[in-house]
Each structure stands twice: as C-alpha cells, then as structure tokens.
Amino acid sequence: MRGVDAEFLSKTPLFRGVTPQEVNEMLGCLAARPKTYEKGDLVWVEGSPVKSVGIVLEGGVRVEGADVWGNASVMGSFSAGELFGEAFAALQDEPLLTNVVATKTPTRVLFVDVTHIMHSCPMACAYHARVAENLLASVARKNVRLTRRIRDAAPKSIKGKLLAYLSTQSKLAGSSEFDIPFTRQQLADYLGVDRCALCTAIGELEREGKLTANRRHFSLPVVAARR
C-alpha cells in the first residue's frame, strides 16, 4: 500500500509474527486505509460507532473523556506503533465513550476493518489467523492492565492508592526495589488524584519508613524486611 511502511507494521502488536511481504499482501484484504490529521483534529468522536482499529503510523493520539459540564480528562495516549480502539471495534454496536484527538502535526493513522480481521478473506491467507490472534491478545492485555488499575485505585485514601500501586509494581518486578513508568503527574492521573496531594502522601510515607522514592525509583523497606 502506497505510503505505508510494511517493515514498520510488521513490528506493531497487530502484525507481530507476520513478515513485511505478508503484511503488504494482507493490507488490501483487510480494507486498510491510512489517514492524516493535524494537531487537535478529532480522530473519533464520542458517541460514534467504531468498526476499525487504529494503528498510529506517525505522531500520536490522546483519548479524552468529558463530563456534561465540559470538563475534560485524559484517559490515555498512543504513539507511533501502538494500537487503539480494539474493544469498541470488536463490539461495533457499542458507541464510543470518549473522543480521540491527534496530538501532533502530522499524525498518521492506519485504520484496519475488524470484520475483515475476524473473518478469513477469500484468499485464506495462512497468516490471517495470526493477526486475529494478535488482536485478541491486545484486547486481553489491555483488560489485564485495566483490572490492575481498578485494583490500584480501589483504596479510598491517596496513601492507600499509592501503596496498592507500588505493591503491584513490586510484585511485577519481583523485588522490593523497582522503577515505575510514570512521572509524578502521570502517576497522579493514573490514580485519579491531585499531583500535590500525591507528592505530600509520598513524603509522609517516606517519613513513616514505608517507602523511599527518587524520581521514578522506589523502594519498599517494609516488604524487604518481611522477605
């Protein structure tokens, strides 16, 4: 397909395990179509049906939720190579709950029709099943991450939310000392709390001896002592 790098696509989650040549052969039967946006353009609008998954080829997109008073909050973001919209595209009759906005100029997105992924094309490509498996795996991974986020944000206090999140990260790292993928602002957004209140909670927990923090690096002395 003109203007689409098959080598790049073969490294994305949707086409993992498929060669660049196979990707080129598949794009037509998957009804793939690229589209370019300027910064601030709406890629998808809240309430609209979604029939395709999007792969960011260049630039980035941001997922925004808004209440009835117009207050917007960032629900997530995706950069080059990442996949978005899988769950809604798979359901098709479920209206989108958020807006998806381009964050850079230019932002290029490749849309792939989910119906063509889930149903084998007339050519019965041997690698078509691999793409369907990749789509399912992507939905499953995001569901696992959402489950973790719900668990991390379940405690009522900011300290409780933070310790729940750090406990999860400690278990994933297999160590009481680990790095997290978030800045303070990103961590506050993830937990749904105010950044200043989060920083205050971190300071209090450090004084209580429950953790030590240096930017993205954390240590849980209590966990280490128990081991």
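Arg141 is found in helix 5. This is a predicted model, where local features need pLDDT of at least 70, side-chain atom pairs count only at pLDDT 80 or more, and totals for chains, interfaces and linings use all residues. Residues are numbered from 1 along each chain as its sequence is written, and side-chain values use heavy atoms, without hydrogens or water.

Helices (H or I, at least four residues) and strands (E, at least two) are DSSP runs, numbered from the N terminus. Arg141 is partly exposed, at 37% relative accessible area. The cut-offs are under 20% for buried, over 50% for exposed and in between for partly exposed (1.4 Å probe, protein chains only).

Strand 3 (residues 52–58) has 6 of its 7 residues buried, so the rest of the structure largely encloses it. Strand 3 pairs with strand 8 (residues 107–113) in the antiparallel sense over 6 bridges. Pairing requires at least two DSSP bridges between two strands. Val53 has Val112 of strand 8 as its bridge partner. Strand 6 (residues 83–84) also runs antiparallel to strand 3, joined by 2 bridges. There, Gly54 stands opposite Phe84.

Most residues other than glycine have a negative phi, and most peptide bonds are trans. Thr105 and Pro106 are joined by a cis peptide bond, with omega about -5°. Pro106 sits in the loop between strand 7 (99–102) and strand 8.

| Residue | Phi | Relative accessible area |
|---|---|---|
| Ala31 | about 55° | 32%, partly exposed |
| Arg215 | near 60° | 70%, exposed |

Ala31 lies in the loop between helix 2 (20–29) and strand 1 (33–37). Arg215 is in the loop between strand 10 (212–214) and strand 11 (217–219).
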